[in-house]
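Please open the structure in your viewer and keep the selection tool at hand. The stops below follow one another, each with something to select.

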Amino acid sequence: MIVILKEHPNQKQLENLKAWLTSMGLAIHESDGVNHQILGLVGDTSKVDIDLIQALDIVDDVKRIQEPYKNANRKFHPLDTVVAAGDAKVGGGHFSVIAGPCSVESEAQIIGVAKSVKAAGATMLRGGAFKPRTSPYAFQGLRAEGIRLLLEAKQETGLPIVTEIMDLSQLELFDEVDVIQVGARNMQNFEMLKELGHLRKPILLKRGLANTLQELLMSAEYIMSGGNEQIILCERGIRTFETYTRNTMDISAIPALKTLTHLPVIADPSHATGRSAMVRPMALAATAAGADGLIIEVHNDPQHALCDGPQSQTEAEFADTMKQILRVRALLTEDDGGKNG
Ligand code: PEP
Ligand code: MN
């Protein structure tokens with residue numbers, strides 16, 4: 001349920017209203033709309049008398065929220081959430097490109113790629129230390145050593161780092177990680193989501209291989225219900241009957257999510273397509289569809305990559321893609337009179 005307040009509500013009456021709502025066991029989430037302050041009520045609102053609240057002097061309107069996700073709902077929080085990591089910002093008109101290899105392989109590799117993606121305009125560095133591989137015989141990642149090397153690359157370049165957690169037992173290794181990635185395979189690991197909700201650190205939440213947008217938003221809700229509101233959602237392709245591409249990139253998820261939620265939405269054209277030649281066109285399509293950013297796999301030597309070589313761009317390809325992304329962004333910014341830039 002949301003309570004939309006009149007402009008400049010009497011503060012005493014507002015305090016009384018909040019105390020009354022809290023006494024009914026409801027949590028109150030306050031946010032600003034374009035003109036009005038909004039109280040979002042979380043909990044069992046079935047016993048709340050809408051007419052009674054509606055009749056108050058300071059109340060403009062009261063609405064029930066049908067969707068099961070409340071904190072993530074745009075109705076609860078009309079303005080875009082901006083997630084910040086170091087100097088990078090995502091959402092609310094801020095656009096960020098996260099780039100780097102699928103996996104951290106060596107010091108020279110991660111530092112070299114970090115420098116080149118930064119020079120091309122990336123604002124965050126990605127690299128997997130713990131890798132969710134389909135085969136137990138495939139490279140599993142450098143694990144703790146991989147995180148150490150990412151931190152070294154951060155020191156060298158100043159780029160905030162994004163890396164995936166696969167199990168809560170690894171959490172203590174993530175203290176200095178700027179953005180914790182929850183991969184597609186863990187999107188519904190509810191115990192992990194609850195624990196990440198206790199942190200005050202950005203979470204990059206990827207859509208599961210076969211999950212609906214509502215399920216993705218419910219996973220974000222798990223994290224938000226613990227108080228962590230810094231979530232970046234990521235469309236990374238879903239399973240369909242098509243086999244030419246690794247997954248099917250659901251571009252429509254971007255504008256749909258932007259309507260349903262205030263959280264920033266980015267896209268991953270690398271895992272969505274599995275083909276490096278398709279990364280640039282899909283990156284541009286996602287940007288044009290209104291994504292708040294992209295995550296792109298870039299490798300110094302894709303042919304010899306230990307993981308996801310076929311979908312990795314070379315450093316030169318990424319630099320070229322970045323230029324075109326910025327051109328698409330400039331067009332969008334022009335169209336909305338600068339609001340989006
Ligand atoms: C990754 O980003 O390297 C990854 C494994 O992604 P996803 O969880 O989307 O498959
Ligand atoms: Mn990968």
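This is a predicted model: local features need pLDDT of at least 70, side-chain atom pairs count only at pLDDT 80 or more; totals for chains, interfaces and linings use all residues.

**Stop 1: ligand 1**

Select ligand 1 and the side chain of R126: an N or O atom of that side chain is 2.8 Å from an oxygen atom of ligand 1, a polar contact, meaning a pair of N or O atoms within 3.5 Å.

Residues are numbered from 1 along each chain as its sequence is written, chains are lettered from A and ligands numbered from 1 in the order in which they are written, and side-chain values use heavy atoms, with hydrogens and water left out.

Now show the 13 residues around ligand 1, of which R126, K131, A184, K206 and R236 come nearest (a residue is near if one of its heavy atoms lies within 4 Å). This shell divides into seven charged, three polar and three nonpolar residues.

**Stop 2: the manganese ion**

Keep H271 and select ligand 2. Which residues coordinate the manganese ion? They are C102 (SG), H271 (NE2), E297 (OE) and D308 (OD), at 2.0 to 2.4 Å; donors are N, O and S atoms within 2.8 Å of the metal (3.2 Å for Na, K and Ca). C102 is in the loop between β7 (96-100) and α3 (107-120), and H271 is in helix α8 (residues 269-273), 169 residues apart. Helices (H or I, at least four residues) and strands (E, at least two) are DSSP runs. Both C102 and H271 are buried, that is, under 20% relative accessible area; exposed is over 50% and partly exposed in between.

**Stop 3**

Select β3 (residues 37-42), which pairs with β1 (residues 2-5) in the antiparallel sense over three bridges; pairing takes at least two bridges found by DSSP. L39 in β3 is the bridge partner of V3. Strand β2 (residues 27-32) also pairs with β3 in the antiparallel sense, over six bridges, and a hairpin of four residues joins β2 to β3.

**Stop 4: a loop residue**

Finally, select H8, in the loop between β1 and α1 (11-23). H8 is not a glycine, yet has a positive phi of about 45°. H8 is exposed, at 74% relative accessibility.

Technical notes: Buried means under 20% relative accessible area, exposed over 50%, partly exposed in between (1.4 Å probe, protein chains only). A polar contact is a pair of N or O atoms within 3.5 Å; within protein, one must be able to donate a hydrogen and the other to accept it, and residues adjacent in sequence count only if both atoms are side-chain atoms. Ala, Val, Leu, Ile, Met, Phe, Trp, Tyr, Cys and Pro count as nonpolar, Asp, Glu, Lys and Arg as charged, and the others, Gly among them, as polar.
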